[in-house]
Each structure stands twice: as C-alpha cells, then as structure tokens.
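Here is a briefing on a two-chain model. Look at the structure first, then read the points below.

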Amino acid sequence: MSQIELAPPVAPDWQRWREGLFSGWANGLVTLATLAAILWLALPFVRWAVIDAVWTGTAADCAGETAGACWAFVGAKFRFMLFAFFPPHLQWRPALVLALIATLLTLSALPRFWSYRLVPISLLALVGIWMLMAGASGLEPVSTNHWGGLPITLTVSIAGLAFAFPLALSLALARQSDMGIVRCLAIAFIEVLRGVPMIAVLYVAMLIVPMALPSGAAIDKLLRAQIGVTLFFSAYLAEVIRAGLQVIPPGQMEAALSLGFSRIQMLRLVVLPQALTAVIPAIVNLSIGIVLNTSLLAVIGIHDLLNAAKTSATDPIWLGFYSEAYIFAALTYFAICFTGSRYSLWLERKLKASDRH
Amino acid sequence: MVLPMTRQLQPGPSGPGPVSRLRTWIGPQPLQQFALFFGVLLLFVFLGQNTAESMHRMGLTPGFAFLSHQANFEIGESVLSYSAGDSYARALGAGIANTVKVAVVGCLLATVLGVALGIARLSGNLLLASFVHGYVELLRNTPLLLQLFLWSAIIHALPPPRGAYTFLGSVYLSNRGVFLPSLSVDGLPASVWLPAVLLTVFAALVISRRLLAGATFYLPKTAGTVLGALAIFYFALVSLGFSASVEVPAKGGFNIRGGLSLTPEFAALLIGLVVNASASISEIVRSGIQSVKSGQWEAARALGLKPAQIMRLVVLPQALRVITPLMISSFLDLTKNSSLAVAIGYPDLVSVANTTANTTGQALEAIIIIGTVYLTISLAVSAVMNLYNRRVVLRGEGKR
C-alpha cells in the first residue's frame, strides 16, 4: 500500500472539450445556439473591423466608398491619443514618464520587493514624474493645460492611490476608534463621499474650490482634479482597510498591549501588517477602479486618455472616426486593467498559499 | 433571592446616567476631540465665508431663491412636463424624474440580463460559459464612460429611419432612436394604468406568499398567481369599457410612428448602464450560488430531491443571503453611474443642475442639490439594507 497521495487523474484536453460542449443532446443544442449567436454578433463586427477596414493610407483613402473601420486614423493619431497636447518636440518626456511608471508598477507588483522602502521610492518617482512633465531644473516648462493622454491617466491614478492611502488609513482607524467625535467625523466623511457620484466631487473641485479659496489664492486645475480624485477614493479605500482591520482578532491587540507595546507600536508591528496583507487583492481591485474612473476627468475637460481619443476624432482632416478612437482607448484601458485583475487573482492565490504555512 | 433585594436597597440610579453615557461615547481625550471638532467647524466657516465673498464679487446672492426664477433653456425629454419658461425648480424636478426613470428601468433590465448571464456562466456548457466570461472581463476592464461614448457613437451611426434596422417587423433601430411595440389602453393615460398594473402584480406576489406560507421560490405557483391577477385586471378593464391594444411602430415617410420611442441619448445611456451592470450582477449571481457548499448539493441529492427542487429549496435560499446585499449595492452603483448622462446629452439631474449652474452662476447650490438627492437615495437604501441584514443574519444564526 503506497502512502503517496495521488493527484486525481486529469482528463485529456479533447475529452474535457467534448464533455463541455457535447455531453448530451441538450448541451449540444446550447453549443450550437451559442455558436450561432456569436457568429450573428461577431460577423458584422469582423466585416467592419477586418475585411472592409482601411489599414494604411491618408484620410482620403478612408473617405471613399468603404464601409469599414479606418485603422489608418489610429496610426496617424497615435501620438496625439497617447500624449494629447504635449508639445511634440518634447514628447520624449511623457514617454520617459510612461517607462518610469511601468518600472515602478512592476517593482511594487513583486512581493519580494515589498517593504516600507517602497513608500519613499514611490514619492521620489512621483516628484520625478512631475519634474519631467512640468519641466523643472533646466527643462523647457510645459503648463499643465498641455499635459494629456495616458501619462495623465496613470499619474492621476497612482498619485491618487499614494495620497489617498495615508488619509484612508487614518479614516479607517478613526472609524474603529473608541473616541466618539472622531468616529462621527470619519463616518460622515466616508458616507458622504461614498453616497454621491464621482462627477459631483469633480464639480466641487472644479467650480466650488476656486470660490472657497481666499481671494488671490489659486490652485491649478489638474491639481484640483487630483485632490477630488484623492478624496473620493480615500473614502472607498478606508472601507477596504476597515474590512482588513476587522479580520484581526481582538486577542492580538490585547496580547500586544499586555507585552508592553505602545498603541502606535501595536498598530505598526502587529495590526497593520496583518490587516493590510489581508486586503492587498482588494486594494489592487480598487486601483483598477481608480484607473477606470479617471476617465471621468474627460467630463471636466482634462485631456486624459479617453478625452484625447475623443478629441483626436474632431481633427478637421480626420473627422468623425469616433468608433476607431474609442476602440483604441478601450484596448489600452483593457490591457492595463486586465493585467491588473489577473495579477490580483494571482496574488490572492499566493497569499492564501503562504497563509497556510 | 438575595440579589434583587440588595439591588433595591442600593441608593442612586441603577444604570449609567445620560452624562456618564455621553462620556463613554466620547471616550478618551475629550478635549483634543472637541478641539478637532471645532477645527473642522472653523475650516468650514472659513471656506463658506470665502465662497460667500466670491459670490458677492460675482454679483450673486447665495441661497435658493433662484429656484423660483424662470429657466430659459429647453430639456431634451422629460417624464415631468416641462418647457422653457417654467421655474428652475421644475427643471430640476424634471431632471430628478429622468434620473429615476433611467435608474428604475435600468435596474430591472440589468437584473434580468445579469441573472440570465450568471446562470449561463454556471451552465455546464463550455462555449457559453467562456463567452459570458469574455463578456464580463471586457466590460469590467474598460471605463463605463468609454462604453457610453461607444454606444452613443453606434446609435448615432445607425441608418436614418428610412433604412432603419428592423427585427420581427416591430423593433426599429435608427439614428433617431429605438422604437419598440407598446401597450396602450384606449381612454386611459399610461400614468393611470401602469401603476395599477404594478399594484396588481405586487398584490398578487403578497397574496401568493401568504398562501404558500414562506415558499417564496415556488416559481410556477407564484407565476400562476401573477398571471391570474393580471387576467382578472384585464377583464375588469374590458368590462369597464376600456380596450387594451398593442401598438407596433411603423415606418411612415421620413420618420417612424407609433409604439414606444426611446431617444438616442436615453437608449445609449440605458443600454450602456444595463450592459455594464449586468456584468457585475452576473458575477454576483455566480459567486452567490457557488458560495453554497457542495455538501449541501450532495445532501439534498442524497435525500432524493430533484435538481429543480435542490435549487429552489436548498441553494437559492442560502445564496440569496449573499446575493441580495451585493445586488442592492450594484443597483446603487447604477443609479450613481447614471450621472454620466451629462457626458452623452441625456437630461438627468446632474445634467440639468449643470445647465442651471451655467445659466445662473449658482454652482454651489446646484451641487448641493445633486449631493442631497444622491445622498438621500444612498442613505435610505443602506438604512433599509442594514435592517434587512440584521433580520436575515439573526434568523440564520437562530436556526443554526
């Protein structure tokens, strides 16, 4: 008698397919009906996007008698959709910013690099991004009105998350605390921001904040939008972190206090490491939500990726290729967010696995 | 026997008084807490004073007096009758009605589509399940605003009414909007008979629930009761001298006439919101049903229950406990997301309030109105949900 545990036999692929598609007459019928529906939906799209499409050429080639998509438009407007109104001769700067962000995200995605050192590194990177975009120390200055495209979408998201985090942490702790007034203020902040649509928060940032500042003072439009995004997401992030705090059994805190830890030490060494690790996948999912929701900046006239795509179709030479522009933007968003959500799933499995040991 | 005696003999209040209760509520460091509270209060007073000053500089008077002034803009469509020249209050009311309309219809359709997709995802069929999976991933990883822009672009790129796409000779898709067959009762406006029908359905549901004593998920009997009630309602209408008829839209000249017509903006918003929410709802339904442990299925099968009975009597009652709160929060999301209407030209509350702010300059008041309406909806729904949760959780704990 062998003591070795045998893995359950895995059926070969073709068998799983046959089982999944034609296990009985009803299942077979469902397969055929689904196939018919997919073809009915996809064929016109494939005709438009592939068969009748114009892949290269000028606007004149697209203006002809074709009923298909004009991908030549995406080729011609590629730079604009990525960087919007950033001066073309300086476009190496937003390109470098994208590279910087990609490096930063890759680094912080790997659990092996997780440490408190990531915080100063991210802050440094944000300063670097700002210097590259705005043009500090000898670079030609570029006003934030000319910033745009994918760098805006990503920078606003990352800065939003970075600045929302400390705020959300304090809000979550305040909501859990035994101090009544502090708790009430935190609850009011969180529930008000979660109860209104994001667009209302952005309107406040755009229309009310300039009026509420003392006369003479002014805050840049993009910065105001950034503050709005940050405050809005800090409320959601606070609830995510609170869920993590609730996972910690009270015995842990009592044990830490009885060992003579101060309350700050207890939070930093016992509570937060466990609570935050438990909600990292949820934080990643929320970050995807931030990236998707920065598209609302388009409504208040900031040229993020979506607005850049929309504006590119108002070029008098290439007029009205909205569908192509939106599909390009959709693919870009999808690439970013799908990677993020797969990563979150992978992370969840990994954290669960390490939890068992 | 001794304890109550000693308690009665003790002087003073038996429980903590209001002062000590307040002190427990405030907790440690009351002075610092009051300082924080007054700091926040001062900040708001400071910002408010600045705002009032700025408004005076712009020649505006803070306050809601402008609501009774004449609004000189048109609203594309509205459930509430409104025309340029009516008051701002009425314009905003029309906006609220439009928001409610798209939210209610959207939630209903998203539930139907989402539940169907969730079940499709769970069906053993590999092709159908992967197709739905792809649909969900595509919708969840692209911004809703982009989806709305795309739907709007697609609807505006449809052929004019003359060459409109037709399905079954009764549904028309054109760049002037979507046309559907409609039900009408001759001699009665829809605002009278539609609520009556809804009331009938609701009454039938309540009665069937009472009669079947808690067996909520017995679909055939419930459906039978509802259909029966509707039949009685129909015969009552006919015997009172009204006649109901189905009106099918038809091409006539340069436009399509008759039936129910949806404007391109409403159609784009509704389709966008429904398709987007259906992706989340299908995931909620799937995870809710999968949250029921496989042991429950096996035990039910061992007891000799049929698959339909297992679903109705064992799985759904447990899954619904997980599904309901998530479903309601996705209804709230849909309602809040309907504010994106402003970007594609459907006159919802945010869009009308935005126009109001632009024409009167009273941006602060307009935003306060938006915030109040959405907050009222959100807080009311979450209050009801907390009540429901407490009931369901308590009931569940009690049975275990």
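What should the 27 residues of helix α9 (residues 264-290) of chain B span at 1.5 Å a residue, and how far apart are its end C-alpha atoms? They should span 39 Å, and the end C-alpha atoms are 39 Å apart, which agrees. The expected span is 1.5 Å times one less than the number of residues.

This is a predicted model: local features need pLDDT of at least 70, side-chain atom pairs count only at pLDDT 80 or more, and totals for chains, interfaces and linings use all residues. Residues are numbered from 1 along each chain as its sequence is written, while chains are lettered from A and ligands numbered from 1 in the order in which they are written.

**Chain A overall**
- Chain A has 14 helices and zero strands. Helices are DSSP runs of H or I with at least four residues, strands are E runs of at least two, and both are numbered from the N terminus.
- Its C-alpha atoms fill a box of roughly 85 × 80 × 40 Å along the principal axes.
- Of the 357 residues in chain A, 34% are buried. Buried means 20 or more other C-beta atoms within 10 Å of the residue's own; exposed means 12 or fewer; partly exposed lies in between; C-beta atoms are placed from the backbone.
- Take the contacts in chain A with a separation of 6 or more: 65% of them join residues 24 or more positions apart. A contact needs C-beta atoms, placed from the backbone, within 7 Å.

**Helices**
- α9(B) is mostly covered, with 24 of its 27 residues buried.
- Helix α8 (residues 180-195) of chain A has 16 residues and reaches 22 Å from first to last C-alpha, close to the expected 22 Å.
- Buried residues in α8(A) include A:I181, A:V182 and A:A186.
- The axes of α6 (residues 118-134) and α7 (residues 150-176) of chain A come within 11 Å and cross at roughly 145°. Axes are lines fitted to C-alpha atoms, for helices over the stretch in contact, and angles run from 0 to 180 degrees between N-to-C directions.
- In that pair, A:S122, A:L126, A:I129 and A:M133 of α6(A) meet A:P151, A:T155, A:A159 and A:A162 of α7(A).

**Interface**
- 49 residues of chain B are in contact with 48 residues of chain A.
- On the chain B side, α3(B) gives the largest share, 11 residues.
- That side has 32 nonpolar, 14 polar and three charged residues. Nonpolar covers Ala, Val, Leu, Ile, Met, Phe, Trp, Tyr, Cys and Pro; charged covers Asp, Glu, Lys and Arg; the others, Gly among them, are polar.

**Positive phi**
- A:A84 is not a glycine, yet has a positive phi of about 50°. A:A84 lies in the loop between α4 (71-83) and α5 (92-109) of chain A.
- A:A84 has 24 other C-beta atoms within 10 Å, so A:A84 is buried.
- B:Q29, also not a glycine, has a positive phi of about 50°. B:Q29 sits in the loop between α2 and α3 of chain B.
- B:Q29 counts as partly exposed because it has 13 C-beta neighbours inside 10 Å.

**Nonpolar cores**
- The largest nonpolar core has 149 residues. Such a core is a set of buried Ala, Val, Leu, Ile, Met, Phe, Trp, Tyr and Cys residues joined through C-beta atoms within 7 Å.
- Among the residues with the most contacts inside it are A:I199, A:Y326 and B:L269.
- A second, separate core of six residues includes B:L128, B:V132, B:V136 and B:A279.

Technical notes:
Contact = placed C-beta atoms within 7 Å.
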